[in-house]
Amino acid sequence: MNNKEFWFVVGSQFLYGEEVLQTVATRAAEMTEKLNASGNLPCKLVYKVTAKTNKEITDIVKEANYDDKCLGIITWCHTFSPSKMWINGFVNLQKPYCHFATQYNREIPNDEIDMDFMNLNQAAHGDREHGFIAARLRMPRKVIAGYWQDEAVQKRIGSWMRAAIGVAVSKELKVMRFGDNMREVAVTEGDKVEVQAKLGWQVNTWPVGKLVETMNAVTEQEIDELMNVYKSKYDFATDKIDSIRYQAREEIAMKKMMDAEGCKAFSNTFQDLYGMKQLPGLASQHLMAQGYGYGGEGDWKVAAMTTIMKAMGENGESVFMEDYTYHLAEGQEYSLGAHMLEVCPSCAADRPRIEVHPLGIGDREDPARLVFEGKEGDAIVISLVDMGGRLRLICQDIHCVKPIMDMPNLPVARVMWKAEPNLTTGVECWITAGGAHHTVLSYDVTAEQMKDWANMMDIEFVHITKDTTVESLEQQLFLNDLAWKLK
Ligand code: MN
């Protein structure tokens with residue numbers, strides 16, 4: 001994303017004369033420069049134009065739509081900018097849009113202020129006219145208000161930019177499916193045509209036989225090289241080296257097939273491992289650590305969401321997760337998340353260990369896998385479900401803790417957390433909303449970013465917070481259902 005950029009478009013008009021327009025342009029350029037130098041924006045901001053006519057706005061929107069470098073536009077009105085001139089541009093805008101309601105000067109200068117000052121510095125006035133037209137046009141947008149030199153405000157813009165990065169990644173995402181979804185499972189299913197139309201994902205299948213063929217063509221030297229990478233990152237807590245080498249073979253083959261097709265996410269299923277000796281464990285985990293999204297049991301939705309959220313987050317700390325079991329001791333109520341093998345080590349509290357254990361599911365040889373505890377910290381879990389006719393993104397605030405017991409016989413990576421508002425109400429809300437057992441758990445993507453992303457993608461968003469009650473959620477879901485049927 002280093003070569004990507006956002007465009008700063010400033011609204012004005014001819015009414016104030018050339019000098020004012022020149023001042024606006026100079027200040028917009030200065031603000032852009034300082035915002036870029038702040039280190040709080042993940043991508044470069046480019047000042048494009050002080051727009052004064054319908055044609056200037058229409059032209060810049062056309063350019064933004066077709067320039068792959070441009071991930072979104074940010075507008076602001078230093079002066080008043082009559083908004084009918086924005087209509088033709090805005091109705092055609094296809095990129096994420098943020099309205100930054102700010103002001104060049106921080107304070108009202110007591111002695112200096114006169115009507116010239118007022119006419120030059122009237123964002124309070126101009127941004128309201130500007131905001132109306134986006135509301136009137138029902139545009140998906142983010143409104144951020146605050147002083148442009150404040151770090152907290154700059155960080156909010158940076159955070160929104162990250163959500164817009166998620167939009168760009170989503171629109172070009174390709175998902176490689178090895179095998180179909182697990183038989184009879186409902187929540188991992190979905191309308192791939194609708195998903196491609198809404199989110200851009202290209203979700204297609206490749207034969208497991210082709211993967212096995214590619215695995216057989218992997219050389220011992222290639223495996224040696226990957227084993228060295230494993231050694232540099234993980235402790236070997238097993239002497240079954242051949243099992244680890246087999247996972248390396250699987251990883252190399254899956255990566256080759258994905259890279260050849262430009263895929264950044266994949267799914268597989270233990271019910272279709274024809275010709276494979278082990279279910280990929282370590283192989284999938286190490287691919288996730290490199291930014292590839294993964295979903296077990298054919299869950300291509302969670303695989304794609306993992307890729308998108310890894311790209312949105314500052315540190316790629318978004319991981320495929322599954323709610324497994326509860327600890328229901330009074331006053332000590334926790335969820336334990338894991339998977340049969342495939343938890344991404346980017347959430348590990350310490351250096352992961354490679355272990356080899358039998359796997360009761362899938363009827364194959366003992367697979368090598370990474371075992372570790374997840375780290376502490378505030379996080380979210382999200383689930384994207386297909387409601388039939390629309391997609392719903394469910395997000396819950398959680399707090400991850402160091403697991404309260406060491407569980408010496410549990411042979412998989414594990415994360416323990418407290419869900420908001422508490423375990424039982426949280427579970428009631430999650431189940432009421434239809435959230436899946438598979439989630440993406442993220443330490444560095446926020447609920448606000450996921451809301452922004454859902455808004456830009458035009459899909460339903462449901463947020464379970466410390467203040468959510470089952471009653472309020474039921475009411476919201478009922479109204480959402482009506483609203484989305486009308487949409
Ligand atoms: Mn699963």
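**View A. Strands β15 and β16 form an antiparallel pair.** Strand β15 (residues 377-386) is joined to β16 by 10 bridges in the antiparallel sense, as seen in this predicted model. Within this pairing, I380 has D397 of β16 as its bridge partner. The hairpin of β15 and β16 has 4 residues between the strands, and G388 adopts a positive phi near 80° there.

**View B. Strand β16 also pairs with β19 and β17.** Strand β19 (residues 460-464) runs parallel to β16, and 5 bridges join the two. In this pairing, R392 stands opposite E460 of β19. Strand β17 (residues 415-419) pairs with β16 in the antiparallel sense over 4 bridges, and M416 of β17 is the bridge partner of V401.

**View C. Strand β16 is largely enclosed by the rest of the structure.**

**View D. Four residues coordinate the manganese ion.** The ion is coordinated by OE atoms of E297 and E322 and by NE2 atoms of H339 and H438, at 1.9 to 2.2 Å. Along the chain, these donors follow the spacing E-x24-E-x16-H-x98-H. E322 belongs to strand β11 (residues 318-329), whereas H339 lies in the loop between β12 (332-338) and β13 (353-356); the pair therefore ties together parts that are 17 residues apart in sequence.

**View E. E322 and H339 are buried donors of the manganese ion.** E322 counts as buried because its relative accessibility is 9%, under the 20% cut-off. H339 likewise counts as buried, at 2% relative accessibility.

Terms used
Residues numbered from 1 in each chain as written. Predicted model: local features only at pLDDT ≥ 70, side-chain atom pairs only at ≥ 80, totals over all residues. Heavy atoms only, no water. Buried < 20%, exposed > 50% of the residue type's maximum accessible area, 1.4 Å probe, protein only. Pairing = 2+ DSSP bridges. Donors = N, O, S within 2.8 Å, 3.2 Å for Na, K, Ca; no water.
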